[in-house]
Amino acid sequence: MWYPGHIAKTKRAIKDNIKAVSAVIELVDSRIPYSSRAYEYASLFRDKKKIIIFNKYDICEIEKTKKWIKIYENKGYIVKTVSLKSINIKNFLKKNIANEIPEKFNERRALVVGAPNVGKSTFINSLKGKKTTSVGNTPGITRGVQWINVDSKTKIMDTPGILFPELYNKSIAYKLILAGCLKAEDDEADDAAFFAFDYLKENNPKILENSVENGSKLENAYEFIENFAKKRNFLKKGGIGDYQRGLKTWLKEISDGKLGRITYEIPDEYEEIKV
Ligand code: GTP
């Protein structure tokens, strides 16, 4: 399993800076509202106002994702849905988020956190380029940290915290691979694609049907990927679909949301929602 090596460093940075903020904005992938949460860090944020932004709302199945929103709202989170890629993020923050951040020393400071690939850079980079402010003498603020001004009171820390979801079962790892949050190693690409095939066959067969020529059978994942490759004209000798190239392309398009809206998780199937 591939796992980034700088977990301890990220954790340290969050710990150092958490004192300065009164709210934590957690970005979540709307397609995996359970698996892209970073439960491990919950205790760090205990005293903070928690705001969850369900990003990539443009590529999720809204009805399924909405059930998660209710669950998190019932747990006391402020929840917003958005497609960060296609909005003015500063206006979105001013309108929907700024007022939710509790004031401390006459300022509203928040930290952005989230799993890899959920949209943290999209969020921060679109805010940057506007003026950032350096450290003032506000108590509790680490030297050298830059802040992005949203309005005269509201400031977002300019470096997001990467949070790593817990991989306590294989299906979580597969869903993270399918959403682009985790890189597949060795056989994991096949396993994740086979997992997606089974899930979609049961829950969203249109996505599979649209990936292959009309009338192709959807018997097993291996043949499905070969047929997908064939449709894309990725051919091996004898006109057979090139499985490896098909696999790579299909997974990439699935994770980019190019093949249609998918939400992989429905709350009824989860016995315990931890945080
Ligand atoms: P790491 O640097 O790996 O931690 O990722 P990140 O959390 O900074 O994510 P980033 O902003 O780089 O976005 C990851 C991918 O998701 C990019 O290809 C974005 O274009 C895409 N993306 C971001 N927001 C949206 C969105 O609202 N909808 C869709 N469809 N794609 C999005």
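## Helices H8 and H9

Helix H8 (residues 221-231) packs against helix H9 (residues 243-255) at an angle of about 90°, and their axes are 8 Å apart. That makes the two helices, H8 and H9, roughly perpendicular. Angles of 65 to 115 degrees get that label; under 35 is roughly parallel, over 145 roughly antiparallel, and the rest oblique. Axes are lines fitted to C-alpha atoms, for helices over the stretch in contact, and angles run from 0 to 180 degrees between N-to-C directions. Helices are DSSP runs of H or I with at least four residues, strands are runs of E with at least two, and numbering starts at the N terminus.

This is a predicted model: local features need pLDDT of at least 70, side-chain atom pairs count only at pLDDT 80 or more, and totals for chains, interfaces and linings use all residues. Residues are numbered from 1 along each chain as its sequence is written, and side-chain values use heavy atoms, with hydrogens and water left out.

From H8, Tyr222, Phe224, Ile225, Glu226, Phe228 and Ala229 meet Tyr243, Gly246, Leu247, Thr249, Trp250 and Glu253 of H9. Contact means heavy atoms within 4.5 Å. The residues of this H8 and H9 contact are eight nonpolar, two polar and two charged. Ala, Val, Leu, Ile, Met, Phe, Trp, Tyr, Cys and Pro count as nonpolar; Asp, Glu, Lys and Arg as charged; the others, Gly among them, as polar.

## Helices H5 and H6

Helix H5 (residues 170-178) and helix H6 (residues 188-203) pack at about 90°, with axes 9 Å apart. H5 and H6 are therefore roughly perpendicular to each other. H5 brings Ser171, Tyr174, Lys175, Ile177 and Leu178 to the contact, and H6 brings Glu188, Asp191, Ala192, Phe195 and Ala196. Six of the contact residues are nonpolar, one is polar and three are charged.

## Helices H3 and H4

The axes of helix H3 (residues 89-97) and helix H4 (residues 120-127) come within 8 Å and cross at roughly 95°. That makes H3 roughly perpendicular to H4. Ile89, Lys90 and Leu93 of H3 meet Thr122, Phe123, Ser126 and Leu127 of H4. The contact has four nonpolar residues, two polar and one charged.

## Around the ligand

H4 also gives the most to the shell around the ligand, with three residues. Of the 15 residues around the ligand, Asp58, Asn117, Lys120, Ser121 and Thr122 come nearest. A residue is near if one of its heavy atoms lies within 4 Å. The shell divides into five nonpolar, six polar and four charged residues.

A side-chain N or O atom of Asp58 is 2.9 Å from a nitrogen atom of the ligand. A backbone N or O atom of Lys85 lies 3.3 Å from a ligand oxygen atom.

Terms used
A polar contact is a pair of N or O atoms within 3.5 Å; within protein, one must be able to donate a hydrogen and the other to accept it, and residues adjacent in sequence count only if both atoms are side-chain atoms.
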